[in-house]
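Morning, everyone. I have one chain to walk through today. Here it is on the screen.

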Amino acid sequence: MRRYGKPKLEGQSYRARPGAYAILPRGGRLLLTYQAGIHNEFQLPGGGIDPGESPVTALHREVFEETGWRIAKPRFLGAFRRFVFMPEYDLWAEKICHIYRAHPVRKLAEPPEEDHSVHWVSPEQGMIGLGNPGDRAFLQRVF
């Protein structure tokens with residue numbers, strides 16, 4: 001599996017943290033989430049897969065939590081890994097990112113998750129604004 005970002009730090013242990021993330025195009029635009037607070041970055045909507053949860057179930061849940069949108073027809077595009085420190089969990093993680101393309105169907109609510117806001121951007125703006133190179137690489141493949 002391809003790695004994006006910094007390599008493992010020598011002597012640092014990492015905990016596997018699988019997640020599911022979505023590229024959500026609609027009408028020539030792309031739905032991204034902006035996470036304020038400690039991250040302050042644009043991200044593909046998505047997040048951690050809970051124990052016993054399937055990646056697709058996690059994708060639906062996480063996209064709703066971060067955007068308030070319901071999605072349909074997720075299609076798996078691929079996966080990559082990143083080695084990062086997650087300050088919100090005080091955790092060194094090997095993030096295993098499962099990337100999907102899906103259709104944003106309908107806005108049901110404002111994002112329930114604190115510090116998240118929804119942004120519709122052009123694919124070009126997404127390429128510039130996304131916070132990690134793995135997300136940008138998958139976005140480039142789609143567009």
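E3 and strand E8 (residues 116-121) pair antiparallel over six bridges. Strands here are DSSP runs of at least two residues, helices are H or I runs of at least four, and both are numbered from the N terminus. Two strands pair if DSSP finds at least two bridges between them.

Before I go on, the ground rules. This is a predicted model: local features need pLDDT of at least 70, side-chain atom pairs count only at pLDDT 80 or more, and totals for chains, interfaces and linings use all residues. Residues are numbered from 1 along each chain as its sequence is written, and side-chain values use heavy atoms, with hydrogens and water left out.

Back to E3. Strand E3 spans residues 29-35, and five of its seven residues are buried. Buried means under 20% relative accessible area, with a 1.4 Å probe and protein chains only.

Strand E2 (residues 25-26) runs antiparallel to E3, with two bridges. There, Arg-26 stands opposite Arg-29. The E2-E3 hairpin has two residues between its strands, and Gly-27 in the turn takes a positive phi of about 60°. Then comes strand E4 (residues 41-43), joined to E3 by three bridges, again antiparallel. Tyr-34 faces Phe-42 in E4. Five residues separate E3 and E4 in their hairpin, where Gly-37 has a positive phi of about 80°.

Now E7. Which way do E1 and E7 run, parallel or antiparallel? Parallel: nine bridges join strand E1 (residues 15-23) to strand E7 (residues 91-107). Ala-22 has Tyr-100 in E7 as its bridge partner. Strand E6 (residues 69-86) runs antiparallel to E7, with 15 bridges. Four residues lie between the strands of the E6-E7 hairpin, and Asp-90 takes a positive phi near 50°.

Zooming out. The chain has three helices and eight strands. From the N terminus, the order is β-β-β-β-β-α-β-β-β-α-α. The radius of gyration is 14 Å, close to the 15 Å that the globule rule gives for 143 residues, so the chain is as compact as a globular protein of that length. That radius is taken over C-alpha atoms, and the rule is 2.2 Å times the number of residues to the power 0.38. Buried residues make up 43% of the 143.

Definitions and conventions:
Buried < 20%, exposed > 50% of the residue type's maximum accessible area, 1.4 Å probe, protein only.
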